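This report describes selected features of one protein model.

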Amino acid sequence: MDTTALREGFLGQKLISLPKSIISIAKNNPITKNFYITDLGHYPKANNHYRRRNKGSNEYILIYCTKGQGEIILDDIKHIISPNEFFIIPRKVKHEYRADESDPWTIYWFHFSGNLAIELFNRYKITDAKNYKNTPFSKEKITLFEKIFNLFDHNNLENQIEYANLLSLSFISTFIYQDSDFKVNRSDNDNVINSIKNFLLDNLDKNFTLDEVASKFNYSKSYLHTKFKSNTGYPIMVFFNLKKTQKACEYLNYTDFSIKEISYKIGFEDPLYFSRIFKNFMGKSPRNYKKSQIK
């Protein structure tokens, strides 16, 4: 893959690469096994954004453009994507895409898979032979994306994974079925668990012990451990390391930082320890993960 190496990615970008444990839950869950998300993100004004996959992707990819412009080349056919247009790239097909140099696109995107994903793509092809179409912009659509992103970002209980994937199915269906109108109200509870999550997410470059977190929020360790795990499915420190790992995935995807540099940037002084933590979540070492993204 030829791609422009970005030192800091795109200002304001959001990216989640789900760990293999979460994907495995979705694959084996009777509710989500036919449709599940593996990656998702939002790239605002993605200057120099470029990706080429000579062997295609293992998942279908939906790209929804809200501003600017870009192009998608599929089977050597170029498709220009402008505001309020979307495109679904089939799995296992050679493709490349890039943001326009003078007016780079702002995009929302999903990687999705499962047997239902195949049928949805077939419906999409029948509905629009050009493989893309206009879709009216709506704040509700963006709010739904934010809800999905927050669910995947902050929760890891099986029922929350189910909900996030079902909402993702609804989101993608609003494009394939233009007459559908999904309105999902976003509700973020301002409580101690969300405060801890936000604190950890704002300090991924640092290290904290459970004692330090408990002291900061003035609760006992046992209380926070029980309440946090009940809310997210993870103990606090495991959640913290997961978020560090997902941040490392961003760096590995969109920067030319070394493994050592990335380790320091997410608060690990020992790159070998960082690599072990990363492999526990993602199923492969940081180096092999990066290699898998550029085939």
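Two strands count as paired if DSSP finds at least two bridges between them. The model discussed here is predicted.

## The open sheet

By that criterion β3 and β8 (residues 95–99) are partners, joined in the antiparallel sense over 4 bridges. Within the pairing, Arg 53 stands opposite His 95 in β8. The two strands belong to an open sheet of 4 strands in the order β3-β8-β5-β6, with antiparallel pairing. Because β3 and β6 (77–81) each have a single partner strand, they stand at the edges, and one side of each lacks a neighbour in the sheet. On average, neighbouring strands of this sheet are turned by 10° against each other, with direction ignored.

## Pairings around β9 and β4

Strand β9 pairs with both β2 and β4. The contact with β2 is antiparallel and consists of 7 bridges, and His 42 stands opposite Tyr 108 of β9 there. The contact with β4 is also antiparallel and runs over 7 bridges, and Cys 65 has Ile 107 in β9 as its bridge partner. Strand β4 in turn pairs with β7, antiparallel, through 5 bridges. In that pairing the bridge partner of Ile 63 is Phe 87 in β7.

## The largest pocket

The largest pocket holds about 960 Å³ of space. It is lined by 36 residues, and the closest to its centre are Asp 39, Asn 58, Glu 59, Ser 292 and Gln 293. Elements that give two or more residues to this lining are β1 (14–17), α1 (20–28), β2 (36–43), β3 (50–53), β4 (60–67), β9 (106–113), α8 (236–254) and α11 (286–293). By class, the lining has 14 nonpolar, 12 polar and 10 charged residues. Domain 1 (14–177) and domain 2 (188–293) each supply at least three residues to the lining of the largest pocket.

## Individual residues

Several residues can be described by their place in the chain and their accessibility. The table gives the relative accessible area for each.

| Residue | Relative accessible area | State |
|---|---|---|
| Lys 45 | 60% | exposed |
| Asn 48 | 41% | partly exposed |
| Asn 54 | 41% | partly exposed |
| Asp 76 | 69% | exposed |
| Phe 217 | 18% | buried |

Lys 45 is found in the loop between β2 and β3.

Which loop holds Asp 76? Asp 76 sits between β5 (70–74) and β6. Its phi is near 65°, a positive value in a residue other than glycine.

Asn 54 has its place in the loop between β3 and β4. Asn 54 and Val 93 are 39 residues apart in sequence, and their C-alpha atoms are 7.7 Å apart in space.

Phe 217 belongs to helix α6 (residues 210–217). At a relative accessible area of 18%, Phe 217 counts as buried because the cut-off is under 20%. The C-alpha atoms of Phe 217 and Ile 193 are separated by 9.9 Å, and the two residues are 24 apart along the chain.

How values were computed. Residues numbered from 1 in each chain as written. Predicted model: local features only at pLDDT ≥ 70, side-chain atom pairs only at ≥ 80, totals over all residues. Heavy atoms only, no water. 1 Å grid on protein atoms, 1.4 Å probe; cavity = no way out; pocket = protein on both sides within 12 Å on 5 of 7 lines; lining within 4 Å. Points joined across faces, edges and corners; volume = space filled by probe spheres on them. Nonpolar A, V, L, I, M, F, W, Y, C, P; charged D, E, K, R; others polar. Domains from an automatic or database assignment. Axes fitted to C-alpha atoms, helices over the stretch in contact; angles between N-to-C directions. Buried < 20%, exposed > 50% of the residue type's maximum accessible area, 1.4 Å probe, protein only.
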